[in-house]
Amino acid sequence: MSGTISLKKGYNIPLKGKAEKKIAGECNPIRFGVKPVDFPGLIPKMEVKPGEKIKAGTPLFHDKNRPAIKFTSPVSGTVISVERGERRRILEVVIEKSGNAYVNFGKNDPASLSRGKIIEKLLLSGLWPAVRQRPYHVIANPEDNPKSIFIAGFDTSPLAPDYDFIMDNLPAEIFQTGISAISKLTGGKVNLVLEKKASKTPGKYNFNGVEVSYFSGPHPAGNVGIHIHHLDPVNKGEAVWFVNFQDVIAIGNLFAEGIYKPERVIALTGSEVSNPQYYKGLSGCSIAPIIRDNIMSWNLRYISGNVLTGTKINADGYLGYYDSQVTVIPEGDKYEFFGWVLPGADKLSFSRTFLSSFIPKKSFSPDTNFHGGKRAFVLTGQYEKVLPMDIYPMHLLKAIISGDIDLMENLGIYEVAEEDFALCEFICPSKIEIQSIIRNGLDLMIKEMS
Amino acid sequence: MDSLRKKLDKIKPHFEEGGKLSKLRSVFEGFEAFMFVSNKVTVKGSHIRDNIDLKRTMTVVIIALLPALLFGSYNTGLQHFRSVGTDPSILQAFWFGFLRILPLIIVSYVVGLGIEFIAAQIRGHEINEGFLVTGLLIPLIMPVDVPLWMLALGTAFAVILGKEVFGGTGMNVFNPALLARAFVFFSYPGWMTGDNVWTEGLMKGQNIIDGFSGATPLSMGASGDFAGLPSFMNMFIGTIPGSVGETSTIAILIGAFILIVTGMGSWKIIVSVFGGGLLMGLLLNAIAANPYMEIPFYYHFAMGGFAFGAVFMATDPVTASQTEKGKWIYGLLIGILSVLFRVLNPAYPEGVMLAILLMNMFSPLIDHFVIQSNIKRRLRRAVLAV
């Protein structure tokens, strides 16, 4: 039985710079980077030193608390450097690509393997981090037994890649191999959530072994957390796992080819990109080759991911582990004279307090300006408009701020992640850093529960 | 504007920590933020932010208050000229009233913002915008002849004991503007009630012509003078004695329209306050044990501060219910209690102020029950899943 759920709450931020549905070429840089900071709560322990020769699939570092979880190199070559930040925290491990050598993990038909063998193979190859869990929105604990697994088959975030287009450019049979591996991980269902549209293009996928559900509505209707909340909500003591669509293909490749090859179709988007298009590449690739000669101005913000949840990177920075989108927008580090009092025909706002809400307008190219100062919670009923969950966002946030574990549990901390609250943060008139608060709450729960 | 910006950048270091004017940091920052939206950019979390901030929010509410303020100015003049028996032009009446109201506004802002600046300096915070609205609300809910020192005292009481002791904007339990009014009301009842306080000049012993009564519809109702009650239309338009901004239902409804269209005031609260008043009015009509109970229920909407309270006071997001379901209950009870207090409590002709302050106190309780039902739903789901 497949369900259809239409959501009303949410907001599609009308941004300029959607990627044209065309593969413009390959993102084929010399340098690649693997970033421990992509994984919340991870304490990395290095396994290689600068100068070491490695293959694609060689472990670079592992999780200090769960040493079985390895993070491997997407390409073969040489480790160039280990960049560290404050308090010697490891920010990125940089690899210079050379050759095409792969660590051989062996070809198998996942159907013939036991659950334990599949987990072992995912852990060794560096694909385990692709399997994440709710609660907490972190890398799944291999010892858990999830009640179900979710795969989001569309993305509603600002300027997000079009999954229909991506799926057309991915091998359907490899996806099926990935699914048969993933379905061994749970006793429950593997749920694939697709966008409900008036006309569905008959794809090359037949989605065997998955339960297909349909969702419709504005962002965040494509967030996996929203799907889980409506289809199989996480209660205390339970776990639901989820995997990105493109990672299912990478998992399929691991079993079909025996290699770690985290391929991505990457959408290059944003108002400052001359030709926003799609590129083929690998997780961790430097964005330098696709950015070069393809931007329109200076003083820009480069983001791995989307404008709501992505990570700030340099113009030659690396695509994040979970990302398949790069966004380039203008920086906003300038003063605006009486900016808050002008009618604002060209000012982007979810509220209807600017003239722009009353003239039919196209799309906006907002910059990174904060647009105000931090305040206490004042307006009420705003976050609810962009959070399609049966959760009281402001009260949950206040419970987190006051560190009240019982109340956080009661108000639904197990079901949320910062990405679900990203729109609340965007629209907040008090400029509260909501995603950070949510992550602090999740970290606090992890600490309390361990 | 570049030259102004350069000047600001030049003097800015003096106001920062260790600078010779660091005691005026909050004042400098307040004015800087007033003139220029800061150049601060996003660091973590969402890379783009909505253009709305609290300054914009408060500006919208002030714009919504303007019709009531403009009509209040006109009506203050009109009532004055009526009391001395002359027939002013619209402009004459407006200008007269405006000059009488202006000192109230100035005193309210100077006292309130002064305290806010000091509080921000002590706490090391930025100046909060909440008082921009409160400072205009306070003069609008006072009789025009209230002495300025009383107004100053009431404002200081509301800002210090009503707001800053709880932690400033966003933390207060009671609506600060209503608290200022309640303070003056209970401390100096002679200046807040009776038939003489509502018309400019009467308290100063100015002669009035025969036949002029400064009584408000509410005090007529309380004293049983139903023959003297103005027509509904006059009350709706607002050419009646009363607090500065409360008389014109139509000007207030324009404000309500602005609040609802921009989404800055909760339509649920506005509708449910009127709904509560309607229910109670109909109930009293049905009982009809005395003449006050018999006045048509819709009269209550146009009399006294009912509409003003529903649109501008009950909707204060900080002191109202914070859950959407709670807002319905909160508003409904304000409407019911306002009319109930008016008609059945002989001590005070007006019930809106006390009804809202009372419900301010109970709004966390309403939210508590709404949230408990959400928690129970979640727990039940967990039990079912096992």
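1. Chain A is divided into domain 1 (129–257) and domain 2 (371–449), with the bounds coming from an automatic or database domain assignment. This is a predicted model, in which local features need pLDDT of at least 70 and side-chain atom pairs count only at pLDDT 80 or more, while totals for chains, interfaces and linings use all residues. Residues are numbered from 1 along each chain as its sequence is written, and chains are lettered from A and ligands numbered from 1 in the order in which they are written.

2. Taken over C-alpha atoms, the centres of domain 1 of chain A and domain 2 of chain A are separated by 25 Å. The contact between them takes 16 residues from domain 1 of chain A and 13 residues from domain 2 of chain A, where two residues are in contact if their C-beta atoms, placed from the backbone, lie within 7 Å. On the side of domain 1 that touches domain 2, the largest share, 3 residues, comes from helix 4 (residues 224–231) of chain A; helices (H or I, at least four residues) and strands (E, at least two) are DSSP runs, numbered from the N terminus.

3. Chain A as a whole has 10 helices and 21 strands. Its radius of gyration is 21 Å, close to the 22 Å that the globule rule gives for 450 residues, so chain A is as compact as a globular protein of that length; the radius is taken over C-alpha atoms, and the rule is 2.2 Å times the number of residues to the power 0.38. Along the principal axes, the C-alpha atoms of chain A fill a box of roughly 65 × 50 × 50 Å.

4. Of the 450 residues in chain A, 54% are buried, a residue being buried if 20 or more other C-beta atoms, placed from the backbone, lie within 10 Å of its own. Among contacts in chain A between residues at least 6 apart in sequence, 68% join residues at least 24 apart.

5. The contact between the chains takes 61 residues from chain A and 50 residues from chain B. Elements giving two or more residues to the chain A side include strand 18 (300–304), strand 21 (336–337) and helix 10 (434–449) of chain A, while the largest share of that side, 4 residues, comes from helix 9 of chain A.

6. Strand 21 of chain A runs antiparallel to strand 1 (residues 36–37) of chain B, the two being joined by 2 bridges; strands pair if DSSP finds at least two bridges between them. The bridge partner of A:Glu336 in strand 1 of chain B is B:Val37.

Notes:
A residue is buried if 20 or more other C-beta atoms lie within 10 Å of its own, exposed if 12 or fewer, and partly exposed in between; C-beta atoms are placed from the backbone.
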